[in-house]
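Here is my notebook from a first walk through a new structure. Have a look at it alongside me as the entries go on.

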2 protein chains.
Amino acid sequence: MDNASRSERSRKAALQAALTIISRDGPARLTLDAIARESGMSKGGLTHQFPTKEAVLKALLEHQIEYFGDFTERYLAEAGAASAQPQLAAQIATLREAITQPHSVALAILGALTQDPSLLSQIRAASGKTVDAIKAEAADPQLALLRWAAAQGLVLMSLFGLNPLADQERGQLFDRLGDDRQWSALAESNPRAAEPGRTRKVKS
Amino acid sequence: MDNASRSERSRKAALQAALTIISRDGPARLTLDAIARESGMSKGGLTHQFPTKEAVLKALLEHQIEYFGDFTERYLAEAGAASAQPQLAAQIATLREAITQPHSVALAILGALTQDPSLLSQIRAASGKTVDAIKAEAADPQLALLRWAAAQGLVLMSLFGLNPLADQERGQLFDRLGDDRQWSALAESNPRAAEPGRTRKVKS
DNA sequence: CTATACAAACCGACTGGTCGGTTTGCAAGA
DNA sequence: TCTTGCAAACCGACCAGTCGGTTTGTATAG
């Protein structure tokens, strides 16, 4: 087999094995030996592809970020024009997708978090950009951010096993979150709620 | 000193040390040795009070649940009558409090999660009850749940280091989340959005 | 086409160190 | 004296990362 193909096959196998282990045994059991065992490769071969465990987690995160980034772009291209706030709609749709996936994202996040919290700076940077995009297109930026935060809350609660909501109920909540008409009344009747001087109750 | 007092003092010291370690070094560095070192007691003394590490985490979780449970009750007693939806207002206020605390709750959650995800069933049960309470008092249960989910999202993102929002901006969002008047227009203009047959877009 | 030389992928044993938990000893309260 | 709280040494399991050596692919010269 081709050398490049061998490498890529091994790397893919290692990352898939890592996701399997995290979802099946929890992030605490994600060890280099476990990845080697699960993927069928040797530990030496594994460390040849990923010199440290941190490198494995980094690759895992990048893979997930790329996957959902593509999903967002595809949504914007296909259904973007249908909404007055395409960025917000795309983010809500992407978050909804993340919940149906076999919990891969936040499981990777969780694994990364326990190993090295600094890895999360990638995620923070990415979500910072989406926040800017959402605010830029919104007539009522606060309301848009709150809809986004609600979607994040539903996803994070589910992924961390904290969610007491049934799948159907969560689906209905996502439906409503993504439906611009449901919120237009608020944005129109309270447009200046987003401006300063109105909601300045922050202490000190 | 009295024996019982000595025990309690040691247990408190151990839990406080655990919180210090989690917030300063991350949950991965929460070890029995580290707790013993941080609290000034010996490892033997520590394991005398908490036979296993899981027992430490369990006590940590219970301590936090109790703390925020008290906070919620106090809020209901003091400011409950001021809102049309006191349970929701209390939950939002409590979540806001959790964010200002030195990240204790979810840090404990995080520690527990990496060690033993089954411990989280306590949290899930507790939040199930609050969800029921919020739905029961709301004219528009979906909207109430979404406001609650948004607060959860803001808190979880902050605690896991994913939040790109500044403190001030988050504070304004919480202000608006907790202000019933900001949402009444929506609840009144779209009351039947909470009923079935309107938002049934859930696949299969 | 074959031989040679080098590079990349891979293997598995080993090392230094950490962690959860146990055992032993001792001092103070009951 | 007998129990309780605590200290310190200790144990076995586990883990990330290393290392010497092997196998497989690749390029070049004859």
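This is a predicted model: local features need pLDDT of at least 70, side-chain atom pairs count only at pLDDT 80 or more; totals for chains, interfaces and linings use all residues.

**Entry 1: a serine to begin with**

Where in chain B is Ser83(B) found? I looked it up, and Ser83(B) sits in the loop between α4 and α5 (86-100) of chain B.

Is Ser83(B) buried or exposed? Its relative accessibility is 16%, so Ser83(B) counts as buried, the cut-off for that being under 20%. I then checked its side chain and found a polar atom 3.0 Å from the backbone nitrogen of Gln85(B). Setting aside the neighbours within four places in sequence, I found Ser83(B) in contact with Ala89(B) and Asp180(B).

**Entry 2: helix α4, in both chains**

I stayed with chain B and checked the span of helix α4 (residues 53-79). With 27 residues at 1.5 Å a residue, the helix should span 39 Å, and I found its end C-alpha atoms 39 Å apart, which agrees. I also listed the buried residues of α4(B), among them Val56(B), Leu57(B), Leu60(B), Leu61(B), Gln64(B) and Phe68(B). Some of that spacing made me recall a helix rule: an α-helix has 3.6 residues a turn, so residues three or four places apart point the same way.

A glutamine on that list sent me over to chain A, where Gln64(A) is found in helix α4 (residues 53-79). Gln64(A) has a relative accessible area of 3%, so I noted this residue as buried. What does Gln64(A) touch, leaving aside neighbours within four places in sequence? I found Leu19(A), Ser104(A), Val105(A) and Ala108(A) in contact with Gln64(A).

**Entry 3: chain A as a whole**

I stepped back and counted ten helices and zero strands in chain A. Its C-alpha trace spans about 65 × 40 × 30 Å along the principal axes. Of the 204 residues in chain A, 50% are buried. I also looked at contacts between residues at least 6 apart in sequence, and in chain A 61% of them join residues at least 24 apart.

Nine residues from domain 1 of chain A and ten from domain 2 of chain A make the contact between them.

**Entry 4: helix α1 of chain A**

Next I followed α1(A) from its start, where a side-chain oxygen of Asp2(A) reaches to within 2.8 Å of the backbone nitrogen of Ala4(A). The 23 residues of α1(A) should span 33 Å at 1.5 Å a residue, and the end C-alpha atoms are 32 Å apart, which agrees. Just after α1(A), I noted that Gly26(A) takes a positive phi of about 95°.

Which residues of α1(A) are buried? I wrote down Ala14(A), Leu15(A), Ala17(A), Ala18(A), Leu19(A), Ile21(A) and Ile22(A). The buried residues of α1(A) pack against α2, α3, α4 and α6 (104-115) of chain A.

**Entry 5: DNA strand C**

Now for the DNA. I found 20 residues around DNA strand C, with Ser7(A), Ser10(A), Ser42(A), Lys43(B) and Lys53(B) coming nearest. Sugar and phosphate account for 69% of the atoms of DNA strand C that come within 4 Å of the protein.

I then picked out some polar contacts. An N or O atom in the side chain of Ser7(A) is 2.2 Å from a phosphate oxygen of DNA strand C. The side chain of Lys43(B) has an N or O atom 2.6 Å from a base oxygen of DNA strand C. By class, the surface near DNA strand C has four nonpolar, eleven polar and five charged residues.

**Entry 6: DNA strand D**

How many residues surround DNA strand D? I found 22, and the closest are Met1(A), Lys53(A), Ser7(B), Ser10(B) and Ser42(B). Of the atoms of DNA strand D within 4 Å of the protein, 74% belong to sugar or phosphate.

Here I noted Lys43(A), with a polar side-chain atom 2.8 Å from a base oxygen of DNA strand D. Two residues of chain B reach phosphate oxygens of DNA strand D: Ser42(B) with a backbone N or O atom at 2.7 Å, and Gln49(B) with a polar side-chain atom at 2.8 Å. I sorted the residues of the surface near DNA strand D into four nonpolar, twelve polar and six charged.

Methods:
Residues are numbered from 1 along each chain as its sequence is written. Chains are lettered from A and ligands numbered from 1 in the order in which they are written. Side-chain values use heavy atoms; hydrogens and water are left out. A residue is near a molecule or strand if one of its heavy atoms lies within 4 Å of it. A polar contact is a pair of N or O atoms within 3.5 Å; within protein, one must be able to donate a hydrogen and the other to accept it, and residues adjacent in sequence count only if both atoms are side-chain atoms. Ala, Val, Leu, Ile, Met, Phe, Trp, Tyr, Cys and Pro count as nonpolar, Asp, Glu, Lys and Arg as charged, and the others, Gly among them, as polar. Helices (H or I, at least four residues) and strands (E, at least two) are DSSP runs, numbered from the N terminus. The expected span of a helix is 1.5 Å times one less than its number of residues. Buried means under 20% relative accessible area, exposed over 50%, partly exposed in between (1.4 Å probe, protein chains only). Contact means heavy atoms within 4.5 Å.
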